[in-house]
Each structure stands twice: as C-alpha cells, then as structure tokens.
Protein chains: 2
Amino acid sequence: MDAIILSIGSELALGETIDTNSAWLAQRLAEIGVGVLRHVTVGDDIEPIRRQIEQACGEADVVLITGGLGPTADDLTRQALAAAMGVELVLRPEWVEKIRSFFACRGRSMPQANAIQAQFPAGSEPIENTCGTAPGIRASLGRSMVFAMPGVPREMREMFERDVRPMLAERTGGAVLIATVLNCFGAGESDIGQQIDDLMQRGRNPTVGTTAKQGVIGVRIHSRGRSAAEARKLLEATEQEVRRRLGTLIYGRDSETLSDAVARLLVEGGKTVSVAESCTGGLIAKRLTDVPGSSRYFRAGLVTYANEAKTMWLGVPADLIAGHGAVSEPVARAMAEACRRLNATDYAIGVTGIAGPEGGTADKPVGLVFISLADAAGCRVTRHLFGDFLNRGEIRERAASTAMNLLRLRLMARGGQACSA
Amino acid sequence: MDAIILSIGSELALGETIDTNSAWLAQRLAEIGVGVLRHVTVGDDIEPIRRQIEQACGEADVVLITGGLGPTADDLTRQALAAAMGVELVLRPEWVEKIRSFFACRGRSMPQANAIQAQFPAGSEPIENTCGTAPGIRASLGRSMVFAMPGVPREMREMFERDVRPMLAERTGGAVLIATVLNCFGAGESDIGQQIDDLMQRGRNPTVGTTAKQGVIGVRIHSRGRSAAEARKLLEATEQEVRRRLGTLIYGRDSETLSDAVARLLVEGGKTVSVAESCTGGLIAKRLTDVPGSSRYFRAGLVTYANEAKTMWLGVPADLIAGHGAVSEPVARAMAEACRRLNATDYAIGVTGIAGPEGGTADKPVGLVFISLADAAGCRVTRHLFGDFLNRGEIRERAASTAMNLLRLRLMARGGQACSA
C-alpha cells in the first residue's frame with residue numbers, strides 16, 4: 001500500500017506556517033507499513049485542491065488530506081473533494097446537532113457559519129472529531145481511500161489515531177515497522193553519538209539515529225520485522241544495548257518529558273518539592289506542575305524576580321545581594337535553603353541567572369545561571385554557562401531543564417550522600 | 001510569476017525530518033511578488049523526481065528544487081533533472097577543481113565520491129555554493145526557469161539570497177506581495193470570521209484569511225501590487241478596516257505575543273504587576289517574564305499550589321478555603337488582593353482552577369478557572385469554563401492567555417473606572 005499526503009492552507013503554501021502534519025502522518029504510515037509517494041501542499045484555492053485530489057487518487061491507495069475543513073469562506077477542502085468526486089455537498093442534520101452540542105457543552109451557541117461543517121460530499125462518511133468542531137470525511141475515489149482531517153494538529157492526530165489508523169492497519173497486514181525514542185539529557189548530540197556509533201551504521205536493523213532539541217537528545221530506534229513480535233524483539237535488544245551504554249543520561253522514552261520523570265520519582269519516593277526562581281520566572285514551577293497529580297509532591301513556588309522580592313519573600317539578606325550580586329553562588333544557595341525551610345519540603349530548587357539579552361557583563365555574561373538544590377543533607381550549588389548564542393527563551397528553557405535534571409539525578413541517588421558545594 | 005517548490009529527500013518523505021526549506025522559500029518568493037502554486041516533497045527515487053520536475057515545468061514560471069545534490073548514491077536530483085531535460089550529465093573539470101579546493105581549504109583531500117557534484121545536465125549552468133561542496137544548477141525547461149539548490153538549509157539560503165533571488169527579482173519587474181497578521185484574543189475563529197466575512201471573499205486584493213491556535217486567532221492580510229508602495233497602501237486600507245471592526249480583540253501583529261502587548265502597556269504606563277497562581281503553576285509569571293526587560297514591571301509571583309501555601313504565603317484564611325473550596329470566587333479574590341498588597345504592585349492577577357484531568361466534579365468540572373485582577377479601584381473576578389475537551393496543558397495555556405488578556409484590556413482602559421464583581 002502507498003499513500004499521498006495533501007496539506008491544504010494558504011498559510012502553509014505561503015510559508016507562514018510550517019507544515020508538521022505531513023511529517024507526522026508519514027511516520028505513522030511507516031509504522032503500519034504504508035509507503036509515502038509524496039507530500040503536496042496547496043493554498044486555499046478550490047481548483048488546485050481538486051486537481052491534486054484527482055491526481056493523487058489516480059496514483060495511491062490512500063490519500064490523506066489535512067486542513068481546509070474550518071467554518072470560514074477560505075476553507076474549501078470539502079467543496080474540492082465533492083468536485084473531484086463529481087457529487088454535491090449534502091447537509092447532514094444529525095451532524096449539525098453534534099456541532100451545536102459541542103458549542104453547548106462550552107456554554108456557547110453555535111455560530112451559523114459552523115453549519116457548513118455538517119455538509120459532506122454525497123456518498124462520503126463523516127469521521128467524528130472529539131476535540132473540535134470540524135468532522136473529518138472518509139470517501140472512495142478512483143483506486144483510493146480518501147481521508148480528510150482537520151489541520152489543527154491535535155484534532156488531526158486524535159482523529160488519525162482513533163479512526164483512520166485502525167482502518168488502514170486492517171488493510172495492510174504483514175510487515176511491521178515499530179519505533180521508539182529514548183530521551184536523554186546531560187550530554188551533547190555528538191557525545192551521545194560517539195557512544196552508540198556502531199549501532200548507527202547504515203543498513204542495520206533496527207536503525208538507530210539521534211535528534212537534538214533544546215538540549216534533549218532523542219535516540220530513535222526503528223525496527224522492522226515480518227511480525228510485530230519479531231520487530232518488538234529486535235527493538236528490545238537494541239534498546240537494551242543503548243540503555244547499557246547511556247545509563248542515567250536516559251530519562252524517559254517516547255513522549256516522556258523530564259517533568260514526567262521527576263514526577264514519577266517524587267511520587268515513588270513520597271517526596272515533596274518547592275522552588276525559588278529568579279531568571280526562569282516561574283518556568284520550573286510550571287514544569288513541576290505540568291504533570292497530572294502534581295499536588296502530591298509540589299507545594300509552592302516563589303518567583304522572586306526583583307531583588308526586594310528575594311529579601312521579602314525568602315529573607316535573602318539585602319547585603320548578601322549587594323555584596324555578591326543577585327546572580328551569585330551565595331544568593332542561589334540562600335534561595336533554595338530558605339525555600340525548603342519555609343515550605344517544609346524534602347527538596348527545594350533555587351535558580352538565579354542572566355537570561356538576557358541585556359544585563360550581561362564580562363564577569364557575568366548572559367547565560368550565566370546558578371542552580372541550587374537543597375535537601376536534608378545540605379545544599380549544592382552548580383554554575384552553568386548556557387552560551388550567549390542561545391536567546392532569552394532558550395536560556396530559560398535550558399536552565400529549567402538542567403534544574404529538573406539535577407533533581408532527577410538526586411532523586412535517583414535515593415536519599416544519597418550529603419552534598420555541599 | 002508563479003512558482004512550484006520541490007523538496008527531495010527520503011528523510012522528508014518519511015517524516016523523519018520536517019521540511020523547513022519550502023516554507024522559507026515561499027516567504028522569500030512572496031517578498032518579490034512570486035506566488036507559490038504548491039510545494040511537493042518526494043523521496044530519493046529518480047522516476048518520481050523526474051515526473052514532478054516535468055509536471056512543475058509545464059505549469060509554473062519558476063521551479064525551485066532543494067535537496068538531492070549530495071555526493072552519495074541516494075542523491076538523484078541532477079540525474080532526474082537531466083532526464084527531464086532529455087540530456088546527458090556532463091563533467092565540468094573546472095568545478096571538480098572548485099570542489100577540491102573547498103576541501104583543501106579545510107585541510108582535507110576530496111573524497112572521490114564528490115566528483116559527481118561537478119556533473120551538470122548539458123545546457124544548464126552551475127551556481128556557486130560558498131558554504132558547502134554541492135554547487136546548485138540553473139536550467140530552462142518548458143516555460144520554466146529551474147533552480148536546484150542543496151538541501152542543507154544554511155547552504156540553500158545563502159545560495160538563494162546571493163544568486164537566485166536577484167535573478168528572479170529581475171524578471172518580476174516590480175510586482176510585490178506583502179503580508180501581515182493581526183493577532184486576536186477573546187473570540188472564536190467563526191465569530192471573528194463573521195465580522196470580516198465580506199473581506200474574506202475570494203478574488204479580493206488584499207486577501208484576508210484566519211488561522212486559530214490555542215485561542216489566538218490570526219487574521220492574515222496579503223496584498224499584491226505593482227510596487228511596494230501600492231501593495232502597502234492596499235494592505236493598510238484593509239488593515240484599518242479589520243482593526244475598525246475587531247477593535248480591542250486585536251492585541252498585536254505578526255510575531256507579537258500577548259506577553260509583548262502586556263509588557264508594552266505596563267512599561268508605557270510605568271505600572272508594576274505581581275501574580276498569585278494555583279492551577280497555572282507559574283505559567284503566568286513565566287509569560288510576564290518572557291519579554292526582555294521584564295524587571296521594569298514584574299515584581300514577584302507566588303505559585304501557591306497547595307492549600308496551605310495559599311494560607312501561608314498569601315494569608316488566604318483556611319476557613320475561606322474550607323467553606324468555598326480552593327477553586328472559588330472568594331479565594332481567587334483573596335489571592336489577587338493579598339498579592340497586590342504584599343508586593344505593593346499596581347496590578348495583581350490571581351488564578352485558581354481545575355486543570356485536570358482529575359479533580360473535577362459535576363459542580364466544579366475540569367476546566368473551571370477563576371481569574372481575579374486587582375488594582376487601586378478594586379478587584380474583579382471572572383469565571384471561565386475552558387471545556388473538558390481541552391487537555392491539562394491546553395487548559396493551563398488558555399487560562400494564562402485569558403489572564404494576560406484581562407490585564408491587557410484593563411491597562412488599555414487607562415486607569416479606568418472602578419470594577420468589582
């Protein structure tokens with residue numbers, strides 16, 4: 001089986017938005033053994049959309065379309081599909097009701113414009129959208145099964161996973177490609193690459209590759225087999241080998257985040273945490289509370305951004321700040337220690353640094369961040385330089401990830417030894 | 001003039017790498033008035049590449065190709081282009097020397113494989129690559145000018161800016177397409193669409209369209225003119241009309257965020273802000289400090305996640321929490337009022353809600369959020385229901401955006417009238 005992926009939208013064709021749907025879909029198709037002949041992006045223009053649908057349906061077994069199902073005048077996928085099928089759009093009153101009740105659940109009445117989303121090409125079938133108002137469309141045209149899905153990634157992904165993938169998987173039978181990603185933090189991509197160099201050779205099955213994003217290195221493993229069991233077995237052997245070599249650099253797999261890993265360790269150990277932040281401005285508290293059930297371990301965060309706030313809320317002596325500067329080892333230490341004591345938590349994180357773009361000096365450049373971690377055994381402060389080639393947002397993200405990772409490693413050391421800088 | 005963009009590479013077709021080249025090129029083409037008919041991505045397979053080149057050359061004035069010019073066996077763009085042109089590849093010895101000297105400059109000798117990069121379809125012209133080994137190719141085929149460029153973004157961009165853009169700009173003779181996006185918050189896409197329905201009709205210049213992402217509705221305006229001045233004038237007239245209709249729903253343009261808008265208003269007014277958060281867990285503090293120079297207006301954030309933290313840090317009476325629940329109008333009010341008083345800021349935001357997925361009841365469902373905003377005139381609390389079709393992360397983002405937007409509107413009311421729920 002092979003597929004063509006069409007993405008519809010002038011914001012995509014004009015390059016204002018980068019299409020991530022097509023790549024995501026191509027990966028999912030690979031997992032069920034469906035090859036991709038091409039991706040095509042066209043703007044909100046009915047004739048080109050229709051032509052691309054017709055052409056694709058002459059070539060591929062499966063045509064996946066994303067976008068152009070919204071309620072406004074520039075959403076033309078359903079019209080183009082009907083034109084390609086040579087049929088009319090038909091209003092399905094029961095789907096008007098579904099859309100109406102979607103709005104009603106949110107305490108709103110349905111704008112009249114949304115009724116068009118209940119129109120479908122004659123002979124096609126609606127696909128339910130559980131996260132938005134635009135139903136998808138399933139149709140047959142030429143030799144192809146056609147699936148039109150919303151362009152909003154979350155809605156599209158949910159619809160694909162729930163309805164489209166099972167329908168496709170049923171038809172493919174046989175060869176299976178499965179994938180996993182091991183997420184690492186604490187070393188660079190080339191360092192990690194060197195440790196698994198031999199596993200990354202071309203032609204190997206499973207294949208192993210790396211990706212890097214905001215300090216997180218993903219080690220991707222793709223395994224191919226004649227059956228799911230065979231592919232799984234091959235994948236597990238390679239995964240074990242990668243884990244053996246990278247050890248605690250690996251914090252999780254697939255969609256697991258550092259927050260997930262830290263949350264799991266805190267809950268398992270029955271431990272609590274609080275945080276005192278300056279340059280990260282609330283980002284670490286946000287990361288710690290990203291995870292459902294975070295009230296089990298997270299007590300409070302103090303975003304003491306101004307110097308006076310550090311003194312008022314955490315009792316950091318004003319002369320300590322005056323003497324060493326707010327971005328200093330002693331201030332970071334005082335922040336975490338006070339935070340832990342005042343909130344009565346097992347652990348406390350403190351962060352102070354210069355996120356830029358202003359405020360750097362030769363002595364204390366943009367990207368300099370002190371991270372403190374206090375527990376019953378004491379408080380350890382580490383100094384980090386996140387490099388002035390990163391922008392403000394990236395420095396803040398990197399500092400937050402580093403703090404989360406320090407907490408993760410401390411938690412993994414299980415009550416561990418006393419530590420003092 | 002119009003263009004088709006082809007990107008070549010199995011890593012793109014398989015979705016392992018997201019194609020950013022096509023979007024970047026589309027934006028550059030728009031700047032010089034070249035419209036984009038479509039983008040097409042195909043894998044490293046000679047026949048499909050050839051077919052896409054032939055098809056594109058029958059339709060567009062310009063065909064831009066990226067990728068497939070490397071030295072390895074899976075790089076097939078030059079062969080496919082030669083096949084489409086019906087000519088042979090010809091070795092140009094002077095380009096072998098150029099490639100050899102590229103390596104020599106880096107203290108390396110040229111691998112034999114790289115010699116193929118000095119082969120070009122007969123009748124085509126090489127384009128110099130100053131950052132890599134792969135020269136580009138310029139050719140004519142059918143009605144089209146064809147430019148093949150490397151897939152490495154840095155090399156492609158440099159080649160486009162230096163050689164391709166000037167050649168194209170020369171031909172367009174002035175026609176210009178310019179674009180802007182007006183970012184809105186506070187109404188849905190269909191509500192906004194209805195207010196500018198007539199401006200969104202097809203065939204109009206400028207064109208107007210909408211996009212939606214996390215509650216932010218972007219109104220895109222694209223204007224086409226024979227000169228930059230003409231395009232600008234048309235765009236301004238439409239922008240003015242959109243602004244007249246949407247008023248304060250519009251918070252900024254292009255890449256401006258709600259944080260930027262709020263920061264600008266706070267700085268302009270010389271005002272300060274603090275925040276007391278529960279369910280958003282630090283996200284609002286993070287948003288307020290996203291902007292460089294935020295120390296001018298942001299004092300402190302209290303992430304009082306646990307009930308005891310609300311009492312300890314903000315003095316919210318424990319019996320108020322016991323009587324009304326932590327997620328309630330009186331608790332939200334107490335949070336903002338205490339936060340403003342303790343931090344001595346002009347404004348304070350308080351947020352308490354249920355981000356889920358657990359913790360909802362029939363009475364207080366997941367997605368219920370109270371947002372309070374205190375200033376000298378009093379404190380107003382609003383109740384929001386973000387809909388249980390949103391996930392935890394989205395509810396938190398939406399609550400933070402709504403709080404930022406309430407602050408924005410209050411700041412725009414310029415000291416305004418007293419307000420109390």
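User: Which side chains meet in a salt bridge at 3.0 Å, N to O, with one partner in chain A and the other in chain B?

Analyst: A salt bridge is a side-chain nitrogen of Lys or Arg within 4 Å of a carboxyl oxygen of Asp or Glu. Here the partners are Asp290(A) and Arg396(B). The count between chain A and chain B is six salt bridges. This is a predicted model, in which local features need pLDDT of at least 70 and side-chain atom pairs count only at pLDDT 80 or more, whereas totals for chains, interfaces and linings use all residues. Residues are numbered from 1 along each chain as its sequence is written, chains are lettered from A and ligands numbered from 1 in the order in which they are written, and side-chain values use heavy atoms, with hydrogens and water left out.

User: How many residues does the contact take from chain A and from chain B, and what area do the two chains bury between them?

Analyst: The size of an interface is often given as the accessible area lost when the parts come together. Buried area is that loss (1.4 Å probe), summed over both parts. Chain A and chain B bury about 5600 Å² between them, and 55% of this lies on carbon and sulfur atoms. With contact meaning heavy atoms within 4.5 Å, 73 residues of chain A and 71 residues of chain B take part.

User: How is a pair of aromatic rings described, and how are the rings of Trp95(A) and Phe120(A) placed?

Analyst: The description uses the distance of the centres and the angle of the planes. Rings of Phe, Tyr and Trp (its six-membered ring) pair if their centres lie within 6.5 Å; planes under 30 degrees apart count as stacked, over 60 as edge-to-face and the rest as tilted. The structure holds nine aromatic pairs over all chains. In one of them, Trp95(A) and Phe120(A) have ring centres 5.9 Å apart and planes at 70°, so the pair is edge-to-face. Trp95(A) belongs to helix 5 (residues 93-105) of chain A and Phe120(A) to strand 5 (residues 119-121) of chain A, 25 residues apart. Helices (H or I, at least four residues) and strands (E, at least two) are DSSP runs, numbered from the N terminus.

User: Is Phe160(A) buried or exposed, and which residues is Phe160(A) in contact with, leaving aside its neighbours within four places in sequence?

Analyst: Buried means under 20% relative accessible area, exposed over 50%, and partly exposed in between (1.4 Å probe, protein chains only). Phe160(A) is buried, at a relative accessible area of 0%, and is found in helix 6 (residues 153-172) of chain A. Its contacts beyond those neighbours include Trp24(A), Arg28(A), Leu64(A) and Met149(A). Arg28(A) also lies over the face of Trp24(A), at 4.9 Å from the ring centre.

User: Where in chain A do Arg245(A) and Asp198(A) lie?

Analyst: The side chains of Arg245(A) and Asp198(A) meet in a salt bridge (2.7 Å, N to O). Arg245(A) is in helix 8 (residues 228-246) of chain A and Asp198(A) in the loop between helix 7 (189-195) and strand 10 (207-213) of chain A, so the pair ties together parts 47 residues apart in sequence. Through shared partners, salt bridges join Asp198(A), Glu241(A), Arg244(A) and Arg245(A) into one network. Arg245(A) is partly exposed, at 24% relative accessible area, and Asp198(A) is partly exposed at 42%.

Technical notes: Lys NZ or Arg CZ within 6 Å of the ring centre and 35° of its normal.
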